[in-house]
Amino acid sequence: MAITLISSSFLCLLLVYLSYGVSKERLRSKTDLGDGGDPALLRAIRAQGNLIEYAPMGLILIGLLETAQVQRELVIALAITFVVGRYMHGLMLGKIEGKNHYRFWGTVLTWLTLIIGAIVGLLKGYSLI
């Protein structure tokens with residue numbers, strides 16, 4: 001499960017970075033719990049939270065596709081797309097005022113990965129029954 005291991009490792013590094021951002025904003029705003037109405041802290045919390053919301057399902061799906069011996073190149077492409085999408089979204093959430101094309105495309109890449117991976121998983125799962 002090398003593909004899943006590498007993907008998980010990249011996403012763990014992103015999670016530590018985003019968690020550090022939350023801690024830094026909590027210290028700056030002297031807010032122990034919640035966001036205290038501080039917009040910068042709220043953005044940091046949401047960047048971290050959004051990764052935590054999507055990463056587990058994406059990694060489970062990639063891991064199951066890899067275990068089910070779906071074409072290696074397809075699993076690699078899905079893993080790269082997912083990780084890049086999560087980095088684009090997580091690193092750019094709240095960093096650009098107005099329309100944020102990085103965040104938009106990060107979301108699109110994430111959703112495409114999940115949709116394509118789910119369809120491939122359904123087809124592969126059905127063929128294994």
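Predicted model: local features only at pLDDT ≥ 70, side-chain atom pairs only at ≥ 80, totals over all residues.
Start by selecting helix 2 (39–67) and helix 4 (residues 101–128): helix 2 passes helix 4 in a left-handed crossing, meaning that the near helix is turned anticlockwise from the far one by less than a right angle. Their axes come within 10 Å and cross at roughly 35°; each axis is a line fitted to C-alpha atoms over the stretch in contact, with angles running from 0 to 180 degrees between N-to-C directions.

On helix 2, pick Tyr 54, Met 57, Gly 58, Leu 61 and Leu 65.

Residues are numbered from 1 along each chain as its sequence is written, and side-chain values use heavy atoms, leaving out hydrogens and water.

Zoom out to the whole chain. You'll find 4 helices and 0 strands, where helices (H or I, at least four residues) and strands (E, at least two) are DSSP runs numbered from the N terminus. The C-alpha atoms fill a box of roughly 55 × 25 × 20 Å along the principal axes. Colour by burial next: 36% of the 129 residues are buried, that is, under 20% relative accessible area with a 1.4 Å probe, protein chains only.

Terms used:
Contact = heavy atoms within 4.5 Å. Buried < 20%, exposed > 50% of the residue type's maximum accessible area, 1.4 Å probe, protein only.
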